[in-house]
Each structure stands twice: as C-alpha cells, then as structure tokens.
Amino acid sequence: MAKKILALVSEPISADALKSAVGKHEVERAEVLVVAPALNSKIKFWTSDTDEAIGRAEAVQEETVERLDEEGIDAAGDTGEADPLLALQDALQTYPADEIVLFTHARGERNWQEEGIVDEAKARFDRPVSHLVVE
C-alpha cells in the first residue's frame, strides 16, 4: 500500500526537495497531494483582496505537480485557504495522509501566515509532520 503524503508548499518544489524531506524510497512509492495555500499580505487579507493570492497558489501547486510528475512521482494538487493550517485541515478531510510535509519560506522571507505553522501543525494533527525551508 502506497504511503500518502500531504505536501503544503509556499513555493514550487522539486522532487529532490520532497525526497530530502521524506526519503527517496518513501517518495518513489508514495501518493502525494500538493496543497498551496493562498498566502496573502495582511492588508489584502483584511480587505478580502484574494485574487492575486489564489492565482499564485494555483500556479505554485501546478508547477510543483508538474515537476513531481516529470520525476515519476504520483502527484495531484489543490489550492488551499489563506491560513495554512486551515488548508491542511481541509485537505485532510478528503485525503487520509500518513504524513504531512511543510515547505515554508526562510525566516525573514516568511509570509505572516506561515509563522508558527510547524509547531501548531505538530500539535494539531495526529500524524508525523516534517518541515523543510525553501530558498
């Protein structure tokens, strides 16, 4: 039975990045759901100006799925809510992931909605949570 991985991505990632987070052999046999949250600035979030954030999230998940597919990884994608934890929660309602992998921006480049996500995801969800910073 294939391992189910839920990958939350803030930037397009490569198969190598996923393999680094989970392990080469695990990824090669896994099913991956890529979820890109519609990260937004505080001002645009509070004014409900979400079009640009949703468009960016769609592009991020599509590029990631394409990269993974090119490397022979079984992947599908979706966009998620602006709040990354809510995006994870929503995805887990229909995708019974065995593991969650978070790919976030580096400190200083992080979106305000990414702050504290790793610790909160580990506390909230009853499955292993891995984290990798994207450059």
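Predicted model: local features only at pLDDT ≥ 70, side-chain atom pairs only at ≥ 80, totals over all residues.
**Figure 1. The buried residues of helix H6.** In helix H6, which spans residues 117-124, the buried residues are Ile117, Val118 and Ala121. They sit on the same side of H6, because together they cover an arc of only 100° around the axis.

**Figure 2. Helix H5 crossing helix H6.** Two packed helices are described by the angle between their axes and the distance between the axes. Here, the axes of H5 (residues 84-94) and H6 come within 10 Å and cross at roughly 35°. The crossing in which H5 passes H6 is right-handed.

**Figure 3. Residues where H5 and H6 meet.** From H5 come Pro84, Leu85, Leu88 and Gln89, and they meet Ile117, Glu120, Ala121 and Arg124 of H6. Sorted by class, this contact has five nonpolar residues, one polar residue and two charged residues.

**Figure 4. The whole chain, for orientation.** The protein chain contains six helices and five strands, arranged from the N terminus in the order β-α-α-β-α-α-β-α-β-α-β. Of its 135 residues, 47% count as buried. Among contacts between residues at least 6 apart in sequence, 79% join residues at least 24 apart. The chain exposes about 7300 Å², with carbon and sulfur atoms supplying 46% of it.

Conventions. Residues numbered from 1 in each chain as written. Heavy atoms only, no water. Helix = DSSP H or I, 4+ residues; strand = E, 2+ residues; numbered from the N terminus. Buried < 20%, exposed > 50% of the residue type's maximum accessible area, 1.4 Å probe, protein only. Contact = heavy atoms within 4.5 Å. Areas by Shrake-Rupley, 256 points an atom, 1.4 Å probe, with all protein chains shown as cover. Arc of directions from axis to C-beta. Axes fitted to C-alpha atoms, helices over the stretch in contact; angles between N-to-C directions. Left-handed = near helix turned anticlockwise from the far one by under 90°. Nonpolar A, V, L, I, M, F, W, Y, C, P; charged D, E, K, R; others polar.
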